[in-house]
Amino acid sequence: MQVGHAVAALWLFWALSWLLAAFWADPAQKRAALTAEALYRVFWLAGTVLLFVPAHGYVGRMRLWMPTLTEAWICVALIAVGIAFAWWARLYLGRLWSANVTAKADHRVVDTGPYRLVRHPIYTGLLLSVLATMAVKGTVWGIAGAALLLVGVVVKARLEESFLRGELGPAYDDYARRVPMLVPFAPV
């Protein structure tokens, strides 16, 4: 299998499995306004398009580096690790998960499993995969896509933080004081 095919297969697996698993979630009781979610969605869409511009034909100024075969396979492994971490968090969250910023019935702070390491482990895992994808591509487009996705994740994470503080109150404030937002073991 070629590196490019492995990268594409991993992302395709993630996208399809994530979409199918969306049916396994409780209905939302309360949701953030669609206008509040619009900004991060624009960043995510633009970033995804740029990140997945094919890299195999780029030479010269558009390609900033070309990883060795070993480096490329290390990136593939990091993509897989990031996706696995995101899936661990998704499974751990269970029926409380939502693609949108929502509160479910009986919503509560989840602070065990991957949620003891970071408050947004799904984003952490996906960011690792995005950065590894950028590294294996080595193009200006890959860097631009990764940067836009990073901004989009931070925007959505902050929106979720604000929403969850409003819904869960002091319990979420306490959790946020103990656990870093996106980078494990970072100072809070």
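1. Contact, in this note, means heavy atoms within 4.5 Å. The model is predicted, so local features need pLDDT of at least 70 and side-chain atom pairs count only at pLDDT 80 or more, while totals for chains, interfaces and linings use all residues. Residues are numbered from 1 along each chain as its sequence is written, and side-chain values use heavy atoms, with hydrogens and water left out.

2. Arginine 119 is in the loop between β2 (102–104) and α4; helices (H or I, at least four residues) and strands (E, at least two) are DSSP runs, numbered from the N terminus. With a relative accessible area of 11%, arginine 119 is buried. Buried means under 20% relative accessible area, exposed over 50%, and partly exposed in between (1.4 Å probe, protein chains only).

3. What does arginine 119 touch, leaving aside its neighbours within four places in sequence? The residues in contact with arginine 119 are Glu161, Tyr172, Tyr175, Ala176, Val179, Pro180, Met181 and Val188. A polar atom of the arginine 119 side chain lies 2.4 Å from the backbone oxygen of valine 179.

4. Helix α3 covers residues 69–93, 25 residues in total. From first C-alpha to last it reaches 36 Å, close to the 36 Å expected at 1.5 Å a residue; the expected span is 1.5 Å times one less than the number of residues. Just after α3, glycine 94 takes a positive phi of about 65°.

5. The buried residues of α3 include Ala72, Val76, Ile79, Phe85, Trp87 and Arg90. They pack against α1 (3–21) and α4 (121–137).

6. A nonpolar core is a set of buried Ala, Val, Leu, Ile, Met, Phe, Trp, Tyr and Cys residues joined through side-chain atoms within 4.5 Å. The largest one has 42 residues, of which Val7, Trp11, Trp14, Trp18, Tyr115 and Ile122 touch the most other members. At least two residues of this core come from each of α1, α3, α4, α5 (140–168) and α6 (170–178). Helix α3 gives the most, with nine residues. Apart from this core lies another, of six residues, among them Ala32, Val101, Leu159 and Phe163.

7. Valine 7 touches Val76, Ile79, Thr133 and Val136, not counting residues up to four places away in sequence.

8. Rings of Phe, Tyr and Trp (its six-membered ring) pair if their centres lie within 6.5 Å; planes under 30 degrees apart count as stacked, over 60 as edge-to-face and the rest as tilted. By this rule there are nine aromatic pairs. One of them is the tilted pair of tryptophan 14 and tryptophan 18, 5.4 Å centre to centre with 35° between the planes. Both lie in helix α1, four residues apart, about one turn of the helix. Tryptophan 14 is buried at 17% relative accessible area, and tryptophan 18 is buried at 10%.

9. Tryptophan 18 also forms an edge-to-face pair with tryptophan 87, at 5.0 Å centre to centre and 75° between the planes. Tryptophan 18 is in α1 and tryptophan 87 in α3, so the pair ties together parts 69 residues apart in sequence. Trp11, Trp14, Trp18, Phe52, Trp87 and Trp97 form one aromatic cluster.

10. A charge sits over a ring if NZ of Lys or CZ of Arg is within 6 Å of the ring centre and within 35 degrees of the ring normal. The charged end of arginine 90 sits over the ring of tryptophan 18, 4.3 Å from its centre. Arginine 90 also lies over the face of tryptophan 97, at 3.4 Å from the ring centre.

Definitions and conventions:
Polar contact = N/O pair within 3.5 Å; in protein donor to acceptor, adjacent residues only side chain to side chain.
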